[in-house]
Amino acid sequence: HLDIKELFSEAPKSAIANFVEEVFSELNIDPVTARKGFDFWEFYRGSALVRYFVYRNNFLFAVSPLAKLPKSNLQDLYTYLLSNPAQPFYLGITDSIVYISYRVHLSDINGKFKSDIQKNLSKLALKADELDNFLVEKYQCEWYDSSKAN
């Protein structure tokens with residue numbers, strides 16, 4: 001038989017959860033409200049929706065859907081996106097949505113680059129908030145459906 005206290009007890013946090021949630025203190029984000037599942041977080045930084053999650057037990061991803069593609073004048077936007085202006089992050093398009101993303105192998109989070117990776121996770125959230133506005137203003141992209149500016 002299952003004890004009711006066990007059913008509602010909080011599972012211990014993983015090492016990756018501790019690693020990621022250290023980033024939240026720099027961003028002034030409550031890790032409890034950002035947790036959406038085991039090793040999955042979602043929060044807003046300004047108008048941008050940001051997600052951190054573990055993929056296939058191998059990679060930590062930070063992703064933010066920035067904006068919908070504009071109805072016209074795509075060439076200038078594509079040229080901008082292909083110029084890789086947001087390094088070390090990547091800009092891409094999936095299903096007519098422009099995304100910014102960052103990926104790191106889980107084996108790297110406890111190595112010599114730990115603090116750099118945490119800084120990049122923090123910077124991605126800040127960059128997403130900057131870029132969603134930029135894409136709407138400069139390239140006439142449409143706000144992403146879950147954007148706070150929408």
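1. Let's start where two helices meet. In this predicted model, helix 2 (residues 15-27) and helix 5 (residues 114-139) have axes that come within 9 Å and cross at roughly 55°. Angles from 65 to 115 degrees would count as roughly perpendicular and those under 35 as roughly parallel, so helix 2 is oblique to helix 5. The crossing of these two helices is right-handed.

2. Which residues make the contact between helix 2 and helix 5? From helix 2, look for Phe-19, Glu-22, Val-23, Glu-26 and Leu-27. Helix 5 contributes Lys-114, Ile-117, Gln-118, Leu-121, Ser-122, Ala-125 and Leu-126. Sorted by class, the contact has seven nonpolar, two polar and three charged residues.

3. Now turn to helix 4 (residues 74-82), where Leu-77, Tyr-80 and Leu-81 are buried. Why do they lie on the same side of helix 4? They cover an arc of only 95° around the axis, and that puts them there. A general rule is handy here: an α-helix has 3.6 residues a turn, so residues three or four places apart point the same way.

4. What covers those buried residues of helix 4? The cover includes strand 5 (90-94), strand 6 (97-105) and helix 5.

Definitions and conventions: Residues are numbered from 1 along each chain as its sequence is written. This is a predicted model: local features need pLDDT of at least 70, side-chain atom pairs count only at pLDDT 80 or more; totals for chains, interfaces and linings use all residues. Side-chain values use heavy atoms; hydrogens and water are left out. Axes are lines fitted to C-alpha atoms, for helices over the stretch in contact, and angles run from 0 to 180 degrees between N-to-C directions. Helices (H or I, at least four residues) and strands (E, at least two) are DSSP runs, numbered from the N terminus. Angles under 35 degrees count as roughly parallel, over 145 as roughly antiparallel, 65 to 115 as roughly perpendicular and the rest as oblique. A crossing is left-handed if the near helix is turned anticlockwise from the far one by less than a right angle, and right-handed if clockwise. Contact means heavy atoms within 4.5 Å. Ala, Val, Leu, Ile, Met, Phe, Trp, Tyr, Cys and Pro count as nonpolar, Asp, Glu, Lys and Arg as charged, and the others, Gly among them, as polar. Buried means under 20% relative accessible area, exposed over 50%, partly exposed in between (1.4 Å probe, protein chains only). The arc is that of the directions from the helix axis to the C-beta atoms.
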